[in-house]
Amino acid sequence: MKLLVVEDTIPLLETLCSALREEGYIVDSAANGDEGLYLIQEHNYDGVILDIMLPGQSGLDILRKARSGKDQTPILLLTARDSVTDRIAGLDLGADDYVTKPFDLQELLARVRAICRRGRGERTTVIRISDVELDTAKRQASRAGSPIDLTSREYAIIETLIQMRGQSVSRNYLYEHLYSEDDSTLSNVLDVYICRLRSKFGKDFIKTQRGYGYIVDHQEVSV
Amino acid sequence: MKGRSIRLRIQLWHGALLAVSVFSISILFFLHERNLRTERVKGELIQATAALIPRYYNPNPHRPPLEGEERPYRPLHRRDRPAPADGENDRRPPPPRRNSDGEPGPPRPERSSHNDRPPRESDFRDTRLPPPAPPMIISEITGEPIKRPRRVSEILDHPAKYFLVWNSEAEVHARSDNAPEDIPYIQESYDQPGETWVRTRPGYIEAINFAPRMGTIVTGIPVKAVQAGLTQFALKLFSISAGIIGLGLGIGWWMTGRATRELKQIALSSERIAHGDLSERIDLDFPSSEVGALAEVLNDSFSKLEGSFQQQVRFTADASHELRTPVSVVLTTGQFALSKDRNISEYKKAISTCVDSAMHMKKVIESLLEIARYDSGETALNLQEHDLAKVANESIELLQALAKRKRITITTSFEPTFTKIDPHRMLQVCINLLSNAIKYSTFGTEVSITVREEEEDCLLVVADRGVGIAEKDLPFLFDRFFRGKRTTGDENEHTGLGLAITKSIILAHGGTIQASNRSQGGALFRITLPKS
């Protein structure tokens with residue numbers, strides 16, 4: 001999953017990005033409002049962490065513009081402004097969550113997970129398809145009860161595919177959401193990962209749609 | 001309620017004054033009235049006496065009256081029968097005369113020998129003189145003649161008035177029933193014999209007419225009778241006075257009540273405001289001018305109080321807000337570093353980031369304290385006679401490197417300007433202004449500094465050709481923590497307090513500082529300092 005962090009305090013920006021990357025996200029960053037707005041409009045992110053007090057455009061301006069452009073990206077406001085009026089203003093402008101500084105890092109990570117989940121219309125953290133269980137909170141997958149060892153990248157791909165089960169996921173989408181601009185991608189890198197995932201989850205778990213992408217079947221076993 | 005009541009005091013004084021005035025006037029009035037009555041009574045007694053004279057002094061018809069004199073009188077004769085006290089028996093024939101033997105004497109002359117009827121023409125048959133006119137009694141009060149009364153009861157119009165007549169031998173010739181027993185005999189006149197005069201003896205006022213060889217007539221009245229009327233009058237006067245005083249007190253109480261009510265309103269409102277809502281104001285319905293002025297002054301004070309209170313609240317909010325960012329850096333960095341095992345360099349980096357943030361917090365706190373101390377006057381400036389231009393020059397040297405990096409040229413226009421300044425702190429000011437100018441200057445432009453002495457004061461001007469200051473930011477530029485929209489990326493260095501501190505220092509020197517935009521772009525900061 002690809003996130004954007006817009007924050008003008010550099011040390012904080014850097015630490016946040018590191019922490020999110022360690023969680024397995026792909027993270028883009030911006031230190032001023034103009035750059036942040038540009039990135040949101042240019043790319044599709046699975047979630048955005050947005051500071052309000054920014055040089056250039058303020059976070060609220062960015063939020064307003066994004067939402068008026070029908071952008072559905074989940075956005076979490078991260079700010080030192082903590083009055084109730086500020087919170088109400090932010091949420092009413094279309095933010096999905098509002099976190100004040102200073103914040104607990106683990107809490108922030110959980111909230112990021114939550115807004116991304118909601119972005120997908122997902123309400124549960126555990127998804128089961130046949131004998132495969134994916135715990136998005138713990139970022140673990142298991143099959144027939146036994147946990148499957150996955151690299152961060154592998155988890156990211158299978159999570160995306162499972163979260164969008166029943167829908168075809170194009171290769172482009174996967175590239176966009178699972179690789180940052182800095183990664184040099186070769187088109188067959190993805191194939192390698194899919195192959196590895198098939199070996200772990202079962203050949204038929206991930207189906208190929210020729211010329212387009214991949215799909216995980218929508219066979220939910222209700223819990 | 002502490003202290004003595006103003007209202008009560010006003011009321012007591014006012015009441016006392018009113019009472020004294022009213023009672024003094026009443027007493028004067030009473031005395032005047034008493035005098036008047038006494039004089040009137042005296043006048044009446046004189047009149048009564050005069051009216052009795054023709055009854056008891058037999059007039060000699062032969063002797064024409066002297067000028068100014070009433071008819072001459074014949075002496076009272078023993079054998080004259082005394083007139084009955086009530087004057088009813090005008091027509092009772094006189095007892096027949098007897099001579100010394102007791103035999104019937106010659107018949108009485110028909111000439112009247114009793115005085116209780118006016119002389120008739122028949123009395124004067126033997127004479128050829130016209131009947132004398134009856135004496136006219138002129139009323140002392142109205143100045144007009146009074147009809148001769150026919151009865152003593154008409155003469156003595158008051159039941160307490162009495163009369164007594166002595167003949168020339170000091171024997172009581174006639175008296176009224178109510179005459180006191182102990183009237184001392186008088187046979188003297190005050191001025192002229194035959195003139196009525198008045199004497200006061202204990203308990204009685206009497207009018208006396210002494211006619212030598214004829215007798216003495218006394219009319220009098222016990223003082224008590226006069227007093228009785230006076231007592232009633234005094235009571236009436238007293239009750240009216242009391243009424244006036246009461247009314248005065250009542251009105252006074254009501255009026256002072258109005259004034260003190262306003263004061264009470266003010267006291268209540270002020271208490272409410274002081275204890276709670278500083279935005280409330282005193283609102284009097286119909287303020288009197290004096291109390292209204294007080295309320296206005298109080299309202300002004302409350303506005304000032306509210307203003308400075310709000311400023312404090314804002315400041316506290318700003319301060320805690322300013323510290324949020326560095327605190328969250330420390331927190332997040334620390335939590336991240338501890339979230340899993342890391343290598344030494346990562347830990348080092350994390351710790352160094354924390355230290356940087358702590359330093360930033362330290363600067364913020366110190367700057368805040370500095371400003372607070374300047375503003376409260378706690379910090380004493382180390383004033384010396386010093387050249388402002390030299391200080392400005394020093395700041396240029398310190399910022400040379402910074403200027404070079406942006407290819408900024410600093411032009412100077414310095415005149416030696418000696419005045420009382422704290423050199424260290426003025427250096428701070430110069431550095432602040434100069435570094436701002438450099439920071440916000442466009443690459444390769446010019447920053448100018450001017451120091452010179454003017455007519456009234458000393459001048460220091462720092463101007464740049466940068467982006468200038470947004471019009472809407474101008475009023476807030478020197479506020480604490482105010483940062484314009486643009487920053488230059490050194491957030492951690494920039495506390496937002498630089499200009500606020502500068503302003504505090506300048507104000508502590510007794511000077512002024514102003515910021516404005518230059519007509520062709522850029523910002524200009526103008527400082528004036530008092531000449532020593």
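Which residues of H8(B) meet which residues of H9(B)? In this predicted model, B:Arg425, B:Gln428, B:Val429, B:Asn432, B:Leu433 and B:Asn436 of H8(B) meet B:Gly498, B:Leu499, B:Thr502, B:Ile505 and B:Ile506 of H9(B), where two residues are in contact if their C-beta atoms, placed from the backbone, lie within 7 Å. The residues of this contact divide into 5 nonpolar, 5 polar and 1 charged; Ala, Val, Leu, Ile, Met, Phe, Trp, Tyr, Cys and Pro count as nonpolar, Asp, Glu, Lys and Arg as charged, and the others, Gly among them, as polar. The axes of helix H8 (residues 423–440) and helix H9 (residues 498–508) of chain B come within 9 Å and cross at roughly 145°, with axes being lines fitted to C-alpha atoms, for helices over the stretch in contact, and angles running from 0 to 180 degrees between N-to-C directions.

Residues are numbered from 1 along each chain as its sequence is written, while chains are lettered from A and ligands numbered from 1 in the order in which they are written. Because the model is predicted, local features need pLDDT of at least 70 and side-chain atom pairs count only at pLDDT 80 or more, whereas totals for chains, interfaces and linings use all residues.

The secondary structure of chain B comes to 9 helices and 16 strands, helices (H or I, at least four residues) and strands (E, at least two) being DSSP runs numbered from the N terminus. Of the 532 residues of chain B, 23% count as buried; a residue is buried if 20 or more other C-beta atoms lie within 10 Å of its own, exposed if 12 or fewer, and partly exposed in between.

Between the two chains, 18 residues of chain B are in contact with 15 residues of chain A. Helix H4 (289–338) and helix H5 (344–376) of chain B are the elements that give two or more residues to the side of chain B that touches chain A, and H4(B) provides the largest share, 11 residues. That side divides into 4 nonpolar, 9 polar and 5 charged residues.

A:Ala19, which is found in helix H1 (residues 10–22) of chain A, counts as buried because it has 23 C-beta neighbours inside 10 Å. Leaving aside residues up to four places away in sequence, A:Ala19 touches A:Leu105, A:Leu109 and B:Phe336. The C-alpha atoms of A:Ala19 and A:Leu109 are separated by 8.6 Å, although these residues lie 90 residues apart along the chain.

In chain A, strand S1 (residues 2–6) runs parallel to S2(A), to which 5 bridges join it, and A:Val5 stands opposite A:Ser29 in S2(A). Strand S2 (residues 26–30) is mostly covered, with 5 of its 5 residues buried; A:Ile26, A:Asp28 and A:Ala30 point one way, and A:Val27 and A:Ser29 the other way. Elsewhere in chain A, an open sheet of 4 strands has the order S6-S7-S8-S9 with antiparallel pairing, strands being paired if DSSP finds at least two bridges between them. Strand S6 (126–129) and strand S9 (146–148) are the edge strands, each pairing on one side only.
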